[in-house]
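What follows is a short report on a two-chain complex and the contact between its chains. Please view the model before reading on.

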Amino acid sequence: MLILTCPVCSVTAEETEFHGGGEAHLTRFGPGASEEEFENYLFMRENPRGVHFERWRHVYGCGKWFHAARCTTTLEVFGTYPAQTLEPPKTLRAQISKKRPGWFWRGFE
Amino acid sequence: MKRYSVFAVAREAARYHSGWERAWRNPEPKAKYDVVIIGAGGHGLATAYHLGKRFGVKRVAIVEKGWLGGGNTGRNTTIIRSNYLQDPSAALYEKSRALYETMSQDLNYNVMFSPRGVIMLAQTHHEVRGYQRTAHANALQGVSTEFITPTRVKELVPIINIKGPRYPVLGGLWQARGGTARHDAVAWGYARACSDMGMDVIQQCEVTAIRRKDGKVVGVDTTRGAIDCEKLGIVVAGNSGHVAGLAGFRLPIESVALQALVSEPIKPCMDVVVMANTVHGYMSQSDKGEMVIGGGTDGYNNYTQRGSFHHIEETVRALIETFPMVSRLKMLRQWGGIVDVTGDRSPILSKTPVENVFINCGWGTGGFKATPGSGWAMAELIHKGHGPLTDDFGLNRFREGRFIDESVAAGVAH
(Lines give C-alpha, C1' and ligand atoms only; values in the text may rest on other atoms or scores of the structure.)
Protein backbone atom coordinates (compact mmCIF):
# COMPACT_ATOMS: atom_id res chain seq x y z
CA MET A 1 0.00 0.00 0.00
CA LEU A 2 1.52 3.30 -1.08
CA ILE A 3 1.06 6.38 1.06
CA LEU A 4 1.10 9.54 -1.03
CA THR A 5 0.89 13.23 -0.18
CA CYS A 6 -1.13 15.32 -2.60
CA PRO A 7 0.90 18.49 -3.31
CA VAL A 8 -2.27 20.41 -4.20
CA CYS A 9 -4.38 19.90 -1.05
CA SER A 10 -1.52 18.61 1.20
CA VAL A 11 -3.52 15.56 2.28
CA THR A 12 -1.52 12.41 3.06
CA ALA A 13 -3.55 9.32 2.25
CA GLU A 14 -3.42 5.67 1.24
CA GLU A 15 -3.18 4.71 -2.41
CA THR A 16 -6.88 3.75 -2.60
CA GLU A 17 -7.69 7.47 -2.51
CA PHE A 18 -5.56 8.05 -5.61
CA HIS A 19 -5.37 6.67 -9.13
CA GLY A 20 -2.18 6.08 -11.10
CA GLY A 21 -1.94 7.86 -14.44
CA GLY A 22 1.16 6.30 -15.99
CA GLU A 23 4.52 7.68 -17.03
CA ALA A 24 5.24 11.33 -16.26
CA HIS A 25 6.63 14.10 -18.45
CA LEU A 26 5.68 12.65 -21.85
CA THR A 27 6.21 15.03 -24.73
CA ARG A 28 3.13 15.18 -26.93
CA PHE A 29 3.56 14.76 -30.65
CA GLY A 30 0.92 15.59 -33.19
CA PRO A 31 0.59 16.48 -36.86
CA GLY A 32 3.96 16.84 -38.55
CA ALA A 33 5.78 14.49 -36.20
CA SER A 34 7.72 11.53 -37.54
CA GLU A 35 6.35 8.00 -37.24
CA GLU A 36 9.00 7.16 -34.69
CA GLU A 37 8.18 10.17 -32.50
CA PHE A 38 4.50 9.31 -32.64
CA GLU A 39 5.13 5.65 -31.81
CA ASN A 40 7.34 6.62 -28.88
CA TYR A 41 4.77 9.08 -27.56
CA LEU A 42 1.82 6.70 -27.86
CA PHE A 43 3.24 3.29 -26.98
CA MET A 44 6.86 3.12 -25.83
CA ARG A 45 7.09 3.38 -22.07
CA GLU A 46 9.80 3.61 -19.47
CA ASN A 47 9.62 0.45 -17.41
CA PRO A 48 12.52 0.79 -14.97
CA ARG A 49 13.49 -1.52 -12.14
CA GLY A 50 14.10 1.30 -9.68
CA VAL A 51 13.43 5.05 -9.80
CA HIS A 52 10.30 5.97 -11.76
CA PHE A 53 8.33 9.18 -12.27
CA GLU A 54 4.56 8.99 -12.67
CA ARG A 55 1.37 11.00 -12.89
CA TRP A 56 -1.22 10.41 -10.18
CA ARG A 57 -4.68 11.85 -9.57
CA HIS A 58 -6.24 12.52 -6.21
CA VAL A 59 -9.58 11.07 -7.36
CA TYR A 60 -11.31 10.70 -3.98
CA GLY A 61 -9.95 14.01 -2.70
CA CYS A 62 -9.33 17.29 -4.45
CA GLY A 63 -9.47 15.65 -7.88
CA LYS A 64 -6.24 17.26 -9.08
CA TRP A 65 -3.38 15.68 -11.03
CA PHE A 66 0.15 15.69 -9.65
CA HIS A 67 3.48 13.92 -10.07
CA ALA A 68 5.19 11.32 -7.88
CA ALA A 69 8.71 9.87 -7.78
CA ARG A 70 8.78 6.26 -6.66
CA CYS A 71 10.95 3.15 -6.57
CA THR A 72 9.36 0.24 -8.46
CA THR A 73 11.27 -2.45 -6.56
CA THR A 74 10.81 -1.25 -2.96
CA LEU A 75 7.67 0.91 -3.43
CA GLU A 76 9.42 3.73 -1.55
CA VAL A 77 7.89 7.09 -2.43
CA PHE A 78 10.64 9.72 -2.82
CA GLY A 79 8.26 12.61 -3.07
CA THR A 80 5.38 14.25 -4.91
CA TYR A 81 5.34 17.53 -6.82
CA PRO A 82 2.83 19.66 -8.76
CA ALA A 83 1.65 18.83 -12.27
CA GLN A 84 2.67 22.21 -13.68
CA THR A 85 6.25 21.24 -14.53
CA LEU A 86 7.95 19.61 -17.51
CA GLU A 87 10.62 17.85 -15.48
CA PRO A 88 11.32 16.53 -11.97
CA PRO A 89 12.42 19.34 -9.60
CA LYS A 90 16.14 19.61 -8.87
CA THR A 91 15.74 19.30 -5.09
CA LEU A 92 13.84 16.05 -5.46
CA ARG A 93 16.45 14.70 -7.90
CA ALA A 94 19.17 15.51 -5.36
CA GLN A 95 17.23 13.72 -2.61
CA ILE A 96 16.87 10.63 -4.81
CA SER A 97 20.60 10.70 -5.61
CA LYS A 98 21.35 10.45 -1.89
CA LYS A 99 19.22 7.30 -1.61
CA ARG A 100 19.90 5.74 -5.01
CA PRO A 101 23.36 6.87 -6.19
CA GLY A 102 23.78 6.50 -9.95
CA TRP A 103 20.05 6.41 -10.79
CA PHE A 104 18.90 7.60 -14.18
CA TRP A 105 15.52 7.91 -15.86
CA ARG A 106 15.03 9.09 -19.44
CA GLY A 107 18.00 11.46 -19.48
CA PHE A 108 17.58 12.68 -15.90
CA GLU A 109 20.03 11.71 -13.17
CA MET B 1 16.54 -40.79 -20.11
CA LYS B 2 14.47 -43.60 -18.64
CA ARG B 3 10.83 -43.27 -19.63
CA TYR B 4 8.14 -42.95 -17.01
CA SER B 5 5.52 -45.70 -17.31
CA VAL B 6 3.48 -48.12 -15.28
CA PHE B 7 6.32 -50.66 -15.75
CA ALA B 8 8.85 -48.15 -14.38
CA VAL B 9 6.67 -47.65 -11.29
CA ALA B 10 6.44 -51.43 -10.80
CA ARG B 11 10.19 -51.88 -11.35
CA GLU B 12 11.07 -49.15 -8.85
CA ALA B 13 8.52 -50.39 -6.34
CA ALA B 14 10.39 -53.69 -6.32
CA ARG B 15 13.70 -52.03 -5.45
CA TYR B 16 12.69 -49.38 -2.93
CA HIS B 17 12.61 -46.60 -5.56
CA SER B 18 16.39 -46.52 -5.72
CA GLY B 19 16.62 -46.28 -9.53
CA TRP B 20 14.85 -43.00 -10.38
CA GLU B 21 17.08 -40.64 -12.33
CA ARG B 22 17.29 -36.88 -11.93
CA ALA B 23 14.72 -35.40 -14.30
CA TRP B 24 17.23 -32.99 -15.84
CA ARG B 25 20.98 -32.39 -15.69
CA ASN B 26 22.44 -29.37 -13.92
CA PRO B 27 25.33 -28.52 -16.29
CA GLU B 28 28.03 -25.85 -16.29
CA PRO B 29 27.62 -23.35 -19.16
CA LYS B 30 29.67 -24.09 -22.30
CA ALA B 31 31.54 -21.36 -24.20
CA LYS B 32 29.24 -21.34 -27.21
CA TYR B 33 25.75 -22.38 -28.30
CA ASP B 34 23.74 -22.00 -31.51
CA VAL B 35 20.83 -20.49 -29.58
CA VAL B 36 20.69 -19.04 -26.08
CA ILE B 37 17.26 -18.53 -24.54
CA ILE B 38 17.08 -16.13 -21.58
CA GLY B 39 14.42 -17.30 -19.13
CA ALA B 40 13.69 -20.89 -18.10
CA GLY B 41 9.99 -20.44 -17.52
CA GLY B 42 7.33 -22.30 -19.45
CA HIS B 43 7.61 -20.17 -22.59
CA GLY B 44 11.42 -20.23 -22.73
CA LEU B 45 11.62 -23.98 -22.18
CA ALA B 46 8.81 -24.64 -24.69
CA THR B 47 10.69 -22.53 -27.24
CA ALA B 48 13.85 -24.59 -26.71
CA TYR B 49 11.87 -27.84 -26.83
CA HIS B 50 10.26 -27.01 -30.18
CA LEU B 51 13.58 -25.76 -31.61
CA GLY B 52 14.92 -29.25 -30.95
CA LYS B 53 11.78 -31.24 -31.86
CA ARG B 54 10.69 -29.34 -34.96
CA PHE B 55 13.95 -28.04 -36.37
CA GLY B 56 16.69 -30.26 -34.91
CA VAL B 57 18.46 -27.28 -33.30
CA LYS B 58 19.87 -28.89 -30.18
CA ARG B 59 22.95 -26.86 -29.25
CA VAL B 60 20.76 -24.69 -27.07
CA ALA B 61 21.18 -23.22 -23.59
CA ILE B 62 18.33 -21.91 -21.49
CA VAL B 63 19.71 -19.53 -18.84
CA GLU B 64 17.67 -18.54 -15.80
CA LYS B 65 18.52 -16.00 -13.10
CA GLY B 66 16.42 -17.74 -10.44
CA TRP B 67 15.13 -21.27 -10.52
CA LEU B 68 13.29 -23.19 -13.18
CA GLY B 69 9.66 -22.11 -13.51
CA GLY B 70 9.96 -19.85 -10.45
CA GLY B 71 8.48 -16.75 -12.06
CA ASN B 72 5.01 -16.43 -13.52
CA THR B 73 5.01 -20.09 -14.62
CA GLY B 74 4.66 -21.11 -10.98
CA ARG B 75 2.45 -18.19 -9.94
CA ASN B 76 -0.48 -18.21 -12.34
CA THR B 77 -3.95 -19.69 -11.78
CA THR B 78 -3.33 -22.40 -14.47
CA ILE B 79 -6.33 -21.57 -16.66
CA ILE B 80 -6.28 -22.80 -20.27
CA ARG B 81 -8.71 -21.45 -22.86
CA SER B 82 -8.68 -20.04 -26.38
CA ASN B 83 -11.91 -18.03 -26.68
CA TYR B 84 -10.31 -14.86 -28.05
CA LEU B 85 -11.94 -12.36 -30.35
CA GLN B 86 -9.25 -11.54 -32.91
CA ASP B 87 -8.13 -14.07 -35.54
CA PRO B 88 -4.37 -13.99 -34.82
CA SER B 89 -4.99 -14.52 -31.08
CA ALA B 90 -7.49 -17.31 -31.65
CA ALA B 91 -5.04 -19.10 -33.97
CA LEU B 92 -2.18 -18.90 -31.49
CA TYR B 93 -4.17 -19.76 -28.35
CA GLU B 94 -6.11 -22.55 -30.07
CA LYS B 95 -2.85 -24.11 -31.28
CA SER B 96 -1.67 -23.92 -27.71
CA ARG B 97 -4.82 -25.48 -26.26
CA ALA B 98 -4.56 -28.30 -28.80
CA LEU B 99 -0.92 -28.94 -27.83
CA TYR B 100 -1.96 -29.20 -24.17
CA GLU B 101 -4.24 -32.12 -25.06
CA THR B 102 -1.29 -34.33 -26.01
CA MET B 103 1.40 -32.69 -23.88
CA SER B 104 1.61 -35.41 -21.24
CA GLN B 105 2.15 -38.05 -23.94
CA ASP B 106 4.54 -35.87 -25.99
CA LEU B 107 6.73 -35.09 -22.98
CA ASN B 108 6.26 -38.43 -21.19
CA TYR B 109 5.47 -36.27 -18.16
CA ASN B 110 2.08 -35.95 -16.50
CA VAL B 111 1.09 -32.29 -16.69
CA MET B 112 -2.37 -33.13 -15.29
CA PHE B 113 -4.21 -31.36 -18.12
CA SER B 114 -7.83 -31.27 -17.07
CA PRO B 115 -10.23 -30.10 -19.82
CA ARG B 116 -12.98 -29.39 -17.33
CA GLY B 117 -14.44 -26.41 -19.18
CA VAL B 118 -14.21 -22.65 -18.68
CA ILE B 119 -17.11 -20.21 -18.27
CA MET B 120 -16.66 -16.48 -18.64
CA LEU B 121 -19.63 -14.91 -16.93
CA ALA B 122 -21.55 -12.12 -18.61
CA GLN B 123 -22.78 -9.87 -15.80
CA THR B 124 -23.67 -6.73 -17.72
CA HIS B 125 -25.58 -6.25 -20.97
CA HIS B 126 -22.38 -4.95 -22.50
CA GLU B 127 -20.69 -8.24 -21.67
CA VAL B 128 -23.60 -10.25 -23.07
CA ARG B 129 -23.19 -8.53 -26.43
CA GLY B 130 -19.41 -8.82 -26.24
CA TYR B 131 -19.41 -12.55 -25.53
CA GLN B 132 -22.08 -13.28 -28.13
CA ARG B 133 -19.81 -11.54 -30.61
CA THR B 134 -16.85 -13.60 -29.40
CA ALA B 135 -18.87 -16.83 -29.73
CA HIS B 136 -19.71 -15.93 -33.34
CA ALA B 137 -16.09 -15.02 -34.06
CA ASN B 138 -14.94 -18.31 -32.50
CA ALA B 139 -17.38 -20.24 -34.72
CA LEU B 140 -15.70 -18.71 -37.77
CA GLN B 141 -12.23 -19.38 -36.35
CA GLY B 142 -12.94 -23.04 -35.66
CA VAL B 143 -12.73 -22.59 -31.90
CA SER B 144 -15.49 -24.49 -30.15
CA THR B 145 -17.34 -22.13 -27.78
CA GLU B 146 -20.97 -21.26 -27.15
CA PHE B 147 -22.97 -18.58 -25.40
CA ILE B 148 -25.07 -20.19 -22.66
CA THR B 149 -28.07 -19.11 -20.59
CA PRO B 150 -28.05 -18.33 -16.84
CA THR B 151 -29.95 -21.60 -16.21
CA ARG B 152 -27.21 -23.58 -17.91
CA VAL B 153 -24.59 -21.66 -15.91
CA LYS B 154 -26.39 -22.66 -12.72
CA GLU B 155 -26.44 -26.33 -13.87
CA LEU B 156 -22.70 -26.26 -14.51
CA VAL B 157 -21.87 -24.35 -11.31
CA PRO B 158 -24.38 -25.19 -8.56
CA ILE B 159 -22.63 -22.96 -6.01
CA ILE B 160 -23.13 -19.81 -8.06
CA ASN B 161 -25.67 -17.12 -7.23
CA ILE B 162 -27.10 -16.04 -10.59
CA LYS B 163 -29.47 -13.48 -9.06
CA GLY B 164 -26.89 -11.26 -7.43
CA PRO B 165 -28.31 -7.82 -6.62
CA ARG B 166 -25.51 -5.86 -8.22
CA TYR B 167 -24.10 -8.14 -10.90
CA PRO B 168 -26.65 -10.81 -11.87
CA VAL B 169 -25.45 -13.57 -14.19
CA LEU B 170 -26.99 -12.87 -17.60
CA GLY B 171 -25.23 -15.65 -19.46
CA GLY B 172 -21.78 -16.99 -20.11
CA LEU B 173 -19.22 -17.83 -22.77
CA TRP B 174 -18.61 -21.56 -22.36
CA GLN B 175 -15.57 -23.33 -23.71
CA ALA B 176 -16.00 -26.99 -22.84
CA ARG B 177 -12.49 -27.95 -23.96
CA GLY B 178 -10.73 -25.35 -21.84
CA GLY B 179 -9.53 -26.21 -18.36
CA THR B 180 -6.45 -26.28 -16.19
CA ALA B 181 -3.05 -28.02 -15.99
CA ARG B 182 -0.37 -28.36 -13.35
CA HIS B 183 1.81 -25.35 -14.12
CA ASP B 184 5.02 -26.58 -12.43
CA ALA B 185 4.77 -29.88 -14.29
CA VAL B 186 4.64 -28.04 -17.60
CA ALA B 187 8.00 -26.38 -16.85
CA TRP B 188 9.47 -29.58 -15.40
CA GLY B 189 8.28 -31.72 -18.30
CA TYR B 190 9.79 -29.36 -20.86
CA ALA B 191 13.04 -29.08 -18.88
CA ARG B 192 13.33 -32.87 -18.75
CA ALA B 193 12.68 -33.21 -22.49
CA CYS B 194 15.15 -30.39 -23.33
CA SER B 195 17.83 -31.89 -21.10
CA ASP B 196 17.23 -35.27 -22.77
CA MET B 197 17.87 -33.71 -26.19
CA GLY B 198 21.28 -32.50 -24.95
CA MET B 199 20.24 -28.91 -24.21
CA ASP B 200 21.62 -27.17 -21.12
CA VAL B 201 19.17 -25.72 -18.60
CA ILE B 202 21.38 -23.40 -16.53
CA GLN B 203 19.78 -22.05 -13.36
CA GLN B 204 21.01 -19.22 -11.11
CA CYS B 205 22.71 -17.63 -14.09
CA GLU B 206 21.66 -14.01 -14.58
CA VAL B 207 22.41 -12.23 -17.85
CA THR B 208 24.30 -9.02 -17.07
CA ALA B 209 25.08 -7.83 -20.61
CA ILE B 210 24.17 -8.65 -24.21
CA ARG B 211 27.25 -8.37 -26.45
CA ARG B 212 26.70 -6.98 -29.93
CA LYS B 213 28.94 -6.42 -32.95
CA ASP B 214 27.85 -4.49 -36.06
CA GLY B 215 24.24 -4.52 -34.92
CA LYS B 216 24.29 -8.28 -34.47
CA VAL B 217 24.29 -10.32 -31.28
CA VAL B 218 27.46 -12.29 -30.53
CA GLY B 219 26.86 -13.46 -26.98
CA VAL B 220 25.81 -12.73 -23.43
CA ASP B 221 27.72 -12.07 -20.21
CA THR B 222 26.27 -13.85 -17.23
CA THR B 223 26.97 -14.24 -13.53
CA ARG B 224 28.46 -17.61 -14.49
CA GLY B 225 30.74 -16.34 -17.26
CA ALA B 226 30.48 -15.28 -20.89
CA ILE B 227 28.49 -17.39 -23.37
CA ASP B 228 28.71 -16.90 -27.14
CA CYS B 229 25.70 -17.52 -29.33
CA GLU B 230 24.47 -17.24 -32.92
CA LYS B 231 20.93 -16.34 -31.94
CA LEU B 232 19.35 -15.07 -28.75
CA GLY B 233 15.78 -15.45 -27.54
CA ILE B 234 14.53 -13.15 -24.76
CA VAL B 235 11.62 -14.79 -22.93
CA VAL B 236 11.61 -13.06 -19.55
CA ALA B 237 8.03 -11.81 -18.98
CA GLY B 238 8.01 -9.07 -16.32
CA ASN B 239 11.69 -8.30 -16.75
CA SER B 240 11.43 -7.82 -20.54
CA GLY B 241 11.93 -4.08 -20.29
CA HIS B 242 15.12 -4.56 -18.29
CA VAL B 243 16.64 -7.20 -20.61
CA ALA B 244 15.63 -5.28 -23.75
CA GLY B 245 17.51 -2.35 -22.20
CA LEU B 246 20.63 -4.53 -22.05
CA ALA B 247 20.25 -5.14 -25.79
CA GLY B 248 19.70 -1.41 -26.39
CA PHE B 249 16.07 -1.17 -27.46
CA ARG B 250 12.78 -0.08 -25.87
CA LEU B 251 9.49 -1.91 -25.62
CA PRO B 252 5.85 -0.77 -25.51
CA ILE B 253 5.47 -2.60 -22.22
CA GLU B 254 4.84 -1.80 -18.58
CA SER B 255 5.37 -4.30 -15.76
CA VAL B 256 2.83 -4.58 -12.98
CA ALA B 257 2.13 -7.03 -10.17
CA LEU B 258 -0.76 -9.45 -10.61
CA GLN B 259 -1.83 -11.48 -7.62
CA ALA B 260 -3.62 -14.68 -6.74
CA LEU B 261 -4.65 -16.47 -3.58
CA VAL B 262 -5.86 -19.91 -2.49
CA SER B 263 -8.26 -20.99 0.21
CA GLU B 264 -8.04 -23.89 2.63
CA PRO B 265 -8.81 -27.23 0.91
CA ILE B 266 -12.48 -28.21 0.88
CA LYS B 267 -14.53 -31.04 -0.62
CA PRO B 268 -15.15 -30.92 -4.39
CA CYS B 269 -17.75 -28.24 -5.07
CA MET B 270 -16.96 -26.76 -8.48
CA ASP B 271 -15.67 -28.80 -11.42
CA VAL B 272 -15.30 -26.00 -13.97
CA VAL B 273 -13.27 -22.78 -14.16
CA VAL B 274 -15.33 -19.61 -13.70
CA MET B 275 -14.10 -16.18 -14.73
CA ALA B 276 -15.97 -13.02 -13.84
CA ASN B 277 -14.33 -10.20 -15.75
CA THR B 278 -16.70 -7.43 -14.72
CA VAL B 279 -15.79 -7.84 -11.08
CA HIS B 280 -12.16 -8.88 -11.74
CA GLY B 281 -12.18 -12.29 -10.13
CA TYR B 282 -11.79 -15.85 -11.33
CA MET B 283 -11.92 -19.11 -9.50
CA SER B 284 -11.31 -22.83 -9.93
CA GLN B 285 -10.83 -25.74 -7.55
CA SER B 286 -7.46 -27.47 -7.50
CA ASP B 287 -7.06 -31.22 -7.22
CA LYS B 288 -6.08 -30.71 -3.58
CA GLY B 289 -9.44 -29.01 -2.99
CA GLU B 290 -8.19 -25.45 -2.58
CA MET B 291 -10.20 -22.73 -4.27
CA VAL B 292 -7.68 -20.95 -6.54
CA ILE B 293 -8.60 -17.30 -6.93
CA GLY B 294 -7.08 -14.83 -9.35
CA GLY B 295 -7.44 -11.12 -8.90
CA GLY B 296 -6.59 -7.86 -10.59
CA THR B 297 -3.34 -6.05 -11.17
CA ASP B 298 -1.83 -3.25 -9.12
CA GLY B 299 -2.56 -0.02 -10.91
CA TYR B 300 1.05 1.12 -11.28
CA ASN B 301 4.46 -0.13 -12.46
CA ASN B 302 6.23 -2.33 -9.99
CA TYR B 303 8.53 -5.32 -9.61
CA THR B 304 7.63 -6.44 -6.09
CA GLN B 305 6.09 -9.91 -6.74
CA ARG B 306 3.77 -9.55 -3.78
CA GLY B 307 0.54 -7.68 -4.60
CA SER B 308 -1.47 -5.68 -2.11
CA PHE B 309 -4.22 -6.15 0.45
CA HIS B 310 -6.77 -3.77 -0.96
CA HIS B 311 -6.75 -5.66 -4.25
CA ILE B 312 -7.41 -8.90 -2.39
CA GLU B 313 -10.31 -7.16 -0.70
CA GLU B 314 -11.67 -6.02 -4.07
CA THR B 315 -11.39 -9.50 -5.58
CA VAL B 316 -12.90 -11.31 -2.62
CA ARG B 317 -15.69 -8.75 -2.21
CA ALA B 318 -16.70 -9.39 -5.80
CA LEU B 319 -16.48 -13.17 -5.49
CA ILE B 320 -18.60 -13.52 -2.37
CA GLU B 321 -21.45 -11.83 -4.16
CA THR B 322 -21.30 -14.34 -6.99
CA PHE B 323 -20.28 -17.32 -4.81
CA PRO B 324 -21.85 -16.73 -1.34
CA MET B 325 -20.21 -19.89 0.13
CA VAL B 326 -16.76 -18.34 -0.34
CA SER B 327 -17.50 -15.95 2.52
CA ARG B 328 -16.95 -18.78 5.02
CA LEU B 329 -13.60 -19.90 3.57
CA LYS B 330 -10.26 -19.14 5.15
CA MET B 331 -7.56 -18.03 2.75
CA LEU B 332 -4.30 -19.95 3.04
CA ARG B 333 -1.79 -17.92 1.10
CA GLN B 334 -1.39 -15.15 -1.42
CA TRP B 335 1.37 -14.24 -3.86
CA GLY B 336 2.16 -11.97 -6.78
CA GLY B 337 3.93 -12.18 -10.10
CA ILE B 338 5.22 -9.46 -12.40
CA VAL B 339 3.33 -9.37 -15.67
CA ASP B 340 4.36 -7.47 -18.79
CA VAL B 341 1.42 -5.61 -20.25
CA THR B 342 1.24 -4.13 -23.77
CA GLY B 343 -1.08 -1.41 -25.01
CA ASP B 344 -3.35 -3.79 -26.92
CA ARG B 345 -3.15 -6.61 -24.32
CA SER B 346 -1.68 -8.96 -26.94
CA PRO B 347 1.79 -10.49 -26.81
CA ILE B 348 4.86 -9.58 -28.82
CA LEU B 349 6.67 -12.38 -30.66
CA SER B 350 9.09 -10.55 -32.83
CA LYS B 351 12.43 -9.80 -34.34
CA THR B 352 14.11 -6.83 -32.67
CA PRO B 353 16.29 -3.92 -33.82
CA VAL B 354 19.31 -6.13 -32.97
CA GLU B 355 19.88 -8.78 -35.62
CA ASN B 356 19.40 -12.38 -34.43
CA VAL B 357 17.80 -11.24 -31.18
CA PHE B 358 14.18 -12.35 -30.86
CA ILE B 359 11.74 -11.40 -28.15
CA ASN B 360 8.70 -13.16 -26.74
CA CYS B 361 6.91 -10.99 -24.19
CA GLY B 362 3.80 -8.99 -23.43
CA TRP B 363 1.63 -11.95 -22.42
CA GLY B 364 0.40 -9.76 -19.61
CA THR B 365 -2.08 -11.38 -17.28
CA GLY B 366 -2.61 -14.57 -19.29
CA GLY B 367 0.50 -16.29 -20.60
CA PHE B 368 0.23 -19.74 -19.05
CA LYS B 369 -2.49 -20.97 -21.41
CA ALA B 370 -0.25 -20.05 -24.33
CA THR B 371 2.88 -21.86 -23.14
CA PRO B 372 3.11 -24.69 -25.72
CA GLY B 373 1.76 -22.64 -28.63
CA SER B 374 4.08 -19.76 -27.81
CA GLY B 375 7.05 -22.15 -27.80
CA TRP B 376 5.90 -23.76 -31.05
CA ALA B 377 5.60 -20.39 -32.80
CA MET B 378 8.67 -18.80 -31.23
CA ALA B 379 10.88 -21.72 -32.27
CA GLU B 380 9.81 -21.19 -35.88
CA LEU B 381 10.44 -17.46 -35.59
CA ILE B 382 13.96 -18.01 -34.23
CA HIS B 383 14.77 -20.70 -36.79
CA LYS B 384 13.28 -19.12 -39.94
CA GLY B 385 12.94 -15.44 -39.02
CA HIS B 386 9.17 -15.53 -39.57
CA GLY B 387 6.20 -17.85 -39.08
CA PRO B 388 2.46 -17.98 -39.75
CA LEU B 389 1.50 -17.73 -36.09
CA THR B 390 3.93 -14.93 -35.16
CA ASP B 391 3.81 -12.60 -38.19
CA ASP B 392 0.91 -10.55 -36.79
CA PHE B 393 2.52 -10.22 -33.35
CA GLY B 394 5.56 -8.17 -34.45
CA LEU B 395 6.90 -5.14 -32.59
CA ASN B 396 6.21 -3.01 -35.66
CA ARG B 397 2.43 -3.41 -35.27
CA PHE B 398 2.38 -0.47 -32.87
CA ARG B 399 4.04 1.85 -35.36
CA GLU B 400 1.83 0.61 -38.18
CA GLY B 401 -1.42 0.66 -36.21
CA ARG B 402 -2.16 -3.05 -36.72
CA PHE B 403 -3.21 -3.76 -33.15
CA ILE B 404 -4.55 -7.11 -32.06
CA ASP B 405 -6.92 -5.43 -29.71
CA GLU B 406 -8.03 -7.86 -27.03
CA SER B 407 -8.26 -5.16 -24.39
CA VAL B 408 -11.75 -4.25 -25.61
CA ALA B 409 -13.17 -7.22 -23.74
CA ALA B 410 -11.45 -6.70 -20.38
CA GLY B 411 -8.44 -5.02 -18.91
CA VAL B 412 -7.65 -8.14 -16.87
CA ALA B 413 -8.06 -11.88 -17.14
CA HIS B 414 -6.50 -12.65 -20.48
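Chain B has a mean pLDDT of 94, and 98% of its residues reach 70 or more.

This is a predicted model, in which local features need pLDDT of at least 70, side-chain atom pairs count only at pLDDT 80 or more, and totals for chains, interfaces and linings use all residues. Residues are numbered from 1 along each chain as its sequence is written, chains are lettered from A and ligands numbered from 1 in the order written, and side-chain values use heavy atoms, with hydrogens and water left out.

The predictor's scores for the complex are these.

| Score | Value |
|---|---|
| ipTM | 0.92 |
| pTM | 0.94 |

Now the interface. Chain A contributes 25 residues to the contact and chain B 24. Together the chains bury about 2200 Å², with 50% of it on carbon and sulfur atoms. Buried area is the accessible area (1.4 Å probe) that two parts lose on being put together, summed over both. Phe43(A), Asn47(A) and Arg49(A) lose the most area in chain A to chain B, together 34% of what that side buries.

The rule finds three salt bridges across the interface (a side-chain nitrogen of Lys or Arg within 4 Å of a carboxyl oxygen of Asp or Glu). Arg49(A) and Glu206(B) meet in a salt bridge through their side chains, at 3.9 Å from N to O.

Note on methods
pLDDT = per-residue confidence, 0-100. Contact = heavy atoms within 4.5 Å.
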